[in-house]
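Biologist: I would like to learn how to read a model like this one. Could you take me through it feature by feature?

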Amino acid sequence: MSEFDVELREVTKHFGDVVAVDRVSLAVERGTFLTLLGPSGCGKTTTLRMIGGFEYPDSGEIYIRGVPMGRTPPYRRDTSMVFQNYALFPHMSVAENIAYGLRERKVDKATIERRVEEMLRLVELEGFGKRRPRQLSGGQQQRVALARSLVIEPTVLLLDEPLGALDLKLRKQMQLELKRIQERVGITFIYVTHDQDEALTMSDRIAVMNRGRVEQYGSAEEIFERPRTRFVADFMGAENILDAEVVQADGRSALVRVAGAQLPVRGDGLQAGQRVALVARPYRVKLLEDPAHQDALWQATVQERVYKGSSVAYLLQLATGPQLRAEVLVGAGDGHAEPGRQVGVAIDPTHVVIVRE
Ligand code: ATP
């Protein structure tokens, strides 16, 4: 049997002239929490719907546990889908809603009762079995929808922005809850969202999508710490993305020119003359009170200073053009200045990331 629960190979889907999904390949290992992340219209939902069999690819193939799905309809796939609007049956009790999939499969009554109780415990709704969906809060209804999808023990659970209708506080709570449930049941979850914090909180793997393509596929940490393209860095909220050009490259390291200064960086496969961008987290940017400090790469004027308790956030206007954000810990001896002051700016080159355009 395949080590992958789900595999997409070169999957493409058009709607008229629109390429919704463009040659997407992904391999999802057993028991993974995968998030498809990207802006509106990037093809996340279409990808999810194709895995569930609600749409079929124009070309390419989707495999579930190694079996090609072709045009297998949803009810014959080992997948289950949770929708944003819950789609619970209003005239049935919570227990009947959860039992539905088992009754359809002609499971015996005693087993159904036991499984429904297990599910109510899993989603922390013990004692709610007799209620109707309308007697529950939005968050509780979402848990019932989850229980109803999990009770049939699918290989893969598909979730399309399931927390979209909840307020922020409940949403945060449910994110942790979903992660806990996924770890407990050990089933592969494929989750669609446009919210990067949500993706980082829950996922083992994230596929960042842009215009129908997967721009980067990796762990939450890789996507956040080591974005490979400007789009991914930007979408993950990188504060400092500076235009740069490769001056010299020898395969493993390179020299890049950024806002008039030259910086040695690590970087596989860079080529001299290539246009790239440099990404540096604000806490990696060093503010030097003496503008002529020997470590200074640039001179800058302090534009903004915001006290944030444990740190101070600065907006620095470099003399050579772009702006940089810096975050300096309160209590750090050096590295503080008032707005209007001239300062020096440095970055530790081992802590920058070079991304492709
Ligand atoms: P959102 O977060 O807004 O749901 P998404 O990333 O899930 O966006 P999709 O819904 O997969 O994106 O849509 C991808 C592209 O395909 C969009 O340009 C969309 O307008 C188009 N599209 C999706 N479904 C259909 C359809 N049934 N008919 C025509 N075009 C469609």
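Modeller: Gladly. Two strands pair if DSSP finds at least two bridges between them. Helices (H or I, at least four residues) and strands (E, at least two) are DSSP runs, numbered from the N terminus. Please keep in mind that this is a predicted model, where local features need pLDDT of at least 70, side-chain atom pairs count only at pLDDT 80 or more, and totals for chains, interfaces and linings use all residues. Residues are numbered from 1 along each chain as its sequence is written.

Biologist: With pairing defined, what is the order of the strands in the open sheet of 5 strands?

Modeller: The order is β15-β19-β16-β17-β18, and the pairing is antiparallel. At the edges are β15 (285-288) and β18 (323-329), each of which pairs on one side only. On average, neighbouring strands of this sheet are turned by 45 degrees against each other, direction ignored; axes here are lines fitted to C-alpha atoms, for helices over the stretch in contact, and angles run from 0 to 180 degrees between N-to-C directions.

Biologist: Over how many bridges do β16 and β17 pair?

Modeller: Strand β16 (residues 298-307) and strand β17 (residues 311-318) share 7 bridges in the antiparallel sense. To pick out one partner, T301 is bridged to Q317 in β17.

Biologist: Now the ligand. Which residues surround it?

Modeller: A residue is near a molecule or strand if its C-beta atom, placed from the backbone, lies within 6 Å of it. Here the ligand is surrounded by F15, V18, A20, G38, S40, G41, C42, G43, K44, T45, T46 and H194. The elements giving two or more residues to this shell are β2 (18-29) and α1 (44-52), and α1 gives the most, with 3 residues.

Biologist: How does the shell divide into nonpolar, polar and charged residues?

Modeller: Ala, Val, Leu, Ile, Met, Phe, Trp, Tyr, Cys and Pro count as nonpolar, Asp, Glu, Lys and Arg as charged, and the others, Gly among them, as polar. On that scheme the shell has 4 nonpolar, 7 polar and 1 charged.

Biologist: Why is α1 described as largely enclosed by the rest of the structure?

Modeller: A residue is buried if 20 or more other C-beta atoms lie within 10 Å of its own, exposed if 12 or fewer, and partly exposed in between, with C-beta atoms placed from the backbone. Helix α1 is largely enclosed because 8 of its 9 residues are buried. Those buried residues are K44, T46, T47, L48, R49, M50, I51 and G52. Just after α1, G53 takes a positive phi of about 90 degrees.

Biologist: How should I read a positive phi in a residue that is not glycine?

Modeller: Most residues other than glycine have a negative phi. E124 is not a glycine, yet its phi is positive, about 55 degrees. E124 is found in the loop between α3 (109-122) and α4 (138-150). With 12 other C-beta atoms within 10 Å, E124 is exposed. A259 also has a positive phi, near 45 degrees, and its place is in the loop between β12 (253-258) and β13 (261-266). A259 is buried, because 20 other C-beta atoms lie within 10 Å.

Biologist: Finally, which residues is E61 in contact with?

Modeller: Two residues are in contact if their C-beta atoms, placed from the backbone, lie within 7 Å. Leaving aside neighbours within four places in sequence, E61 touches R9 and P68 in that sense. E61 lies in strand β4 (residues 59-64) and is partly exposed, with 13 other C-beta atoms within 10 Å.
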